[in-house]
Amino acid sequence: MDAKELKSLSIELMDAVRQRGLSAFELKCDEFELRIEAQAAAVAAPVAVAAAAASAPVATAASTATAEAPETFSGTPVEAPLVGVFYSAPSPEEPPFIEVGQQVKKGDTLFIIEAMKTMNEITAPCDGTVSRILAQNGDMVEYKQVLVVIE
């Protein structure tokens with residue numbers, strides 16, 4: 001496992017510890033040891049320490065105090081399929097594709113993500129009512145970030 005994979009795994013585990021309200025998590029395999037502890041302060045931030053062996057370097061990953069626990073949604077979350085800029089309308093002078101409370105059908109355009117000067121229309125995965133729009137026009141969005149919730 002390289003450093004990038006270790007960091008990614010550590011972050012996922014820290015999120016899982018935070019979501020479940022655990023105070024600590026420990027994993028030991030052969031020459032590998034990983035321990036994640038939630039801090040006892042008012043703003044808890046998990047800290048992970050991984051060591052391959054006594055002679056191997058130690059890797060540390062810590063989340064910031066401003067990090068929030070992942071939110072759970074009732075309904076169908078629509079995630080960003082790629083990294084880019086979120087646009088709620090086809091152009092600045094036109095109305096947005098969707099608004100909270102609006103009925104949508106599977107295949108309706110919900111928003112656009114611009115990536116590498118290409119406009120990617122993101123469509124509704126199901127029929128329903130838009131209950132939340134979690135991004136604003138011009139926001140930079142990340143892969144798998146929840147942008148819209150349909151109930």
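Is Lys 144 buried, exposed or partly exposed? I looked this up first: Lys 144 is partly exposed, with a relative accessible area of 46%. I use buried for under 20% relative accessible area, exposed for over 50% and partly exposed for what lies in between, with a 1.4 Å probe and protein chains only.

**Ground rules**

I am working on a predicted model, in which local features need pLDDT of at least 70 and side-chain atom pairs count only at pLDDT 80 or more, while totals for chains, interfaces and linings use all residues. Residues are numbered from 1 along each chain as its sequence is written, and side-chain values use heavy atoms, with hydrogens and water left out.

**Entry 1: overall make-up**

I counted one helix and 12 strands in the protein. Both are DSSP runs numbered from the N terminus: helices are H or I with at least four residues, strands are E with at least two. Along the sequence the pattern reads α-β-β-β-β-β-β-β-β-β-β-β-β.

Of the 151 residues in the protein, 25% are buried. The accessible surface comes to about 9,800 Å², and carbon and sulfur atoms hold 53% of that. I took accessible areas from the Shrake-Rupley method with a 1.4 Å probe; for residues, only the protein chains shown count as cover.

I then checked contacts, meaning heavy atoms within 4.5 Å. Among those between residues at least 6 apart in sequence, 50% join residues at least 24 apart.

**Entry 2: the sheet with S8 and S9**

I traced an open sheet of four strands in the order S9-S8-S6-S11, with antiparallel pairing. Two strands pair here if DSSP finds at least two bridges between them. The edge strands are S9 (118-123) and S11 (140-141), each of which pairs on one side only.

S8 (residues 109-115) pairs with S9 in the antiparallel sense over six bridges. Which residue in S9 is the bridge partner of Ile 113? I found Asn 120.

The hairpin of S8 and S9 has two residues between the strands, and Met 116 takes a positive phi there, near 55°. Met 116 is a residue other than glycine, placed in the loop between S8 and S9. I noted Met 116 as exposed, because its relative accessible area is 81%.

**Entry 3: an aromatic pair**

I searched for aromatic pairs: rings of Phe, Tyr and Trp (its six-membered ring) pair if their centres lie within 6.5 Å, and planes under 30 degrees apart count as stacked, over 60 as edge-to-face and the rest as tilted. The count by this rule comes to one pair. Phe 86 and Phe 111 form it, tilted, at 5.1 Å centre to centre and 40° between the planes. The pair links distant parts of the chain, with Phe 86 in strand S6 and Phe 111 in strand S8, 25 residues apart. Both Phe 86 and Phe 111 are buried.

**Entry 4: the sheet with S5 and S12**

I traced another open sheet of four strands, in the order S5-S12-S10-S7 and with antiparallel pairing. S5 and S7 (103-104) are its edge strands, and each pairs on one side only. S5 and S12 run antiparallel and are joined by four bridges. In S12, Val 149 stands opposite Pro 77.

**Entry 5: back to Lys 144**

How many salt bridges does a search of the whole structure find? I got one. The criterion is a side-chain nitrogen of Lys or Arg within 4 Å of a carboxyl oxygen of Asp or Glu. The side chains of Glu 79 and Lys 144 meet in this salt bridge, at 3.8 Å, N to O. Distant parts of the chain are linked by the pair: Glu 79 is in strand S5 and Lys 144 in the loop between S11 and S12, 65 residues apart. Glu 79 counts as partly exposed because its relative accessibility is 33%.

Lys 144 also has a positive phi, near 70°, in a residue other than glycine. The loop that holds Lys 144 runs between S11 and strand S12 (146-150).

**Entry 6: a surface patch**

I looked for patches, made of residues with over 30% relative accessible area and no salt bridge, like charges being joined within 9 Å and nonpolar side chains (Val, Leu, Ile, Met, Phe, Trp, Tyr) within 5 Å. Val 83, Met 140 and Tyr 143 make a nonpolar surface patch of about 340 Å². Val 83 lies in the loop between S5 (76-79) and S6 (84-87). I put Val 83 down as partly exposed, because its relative accessibility is 47%.
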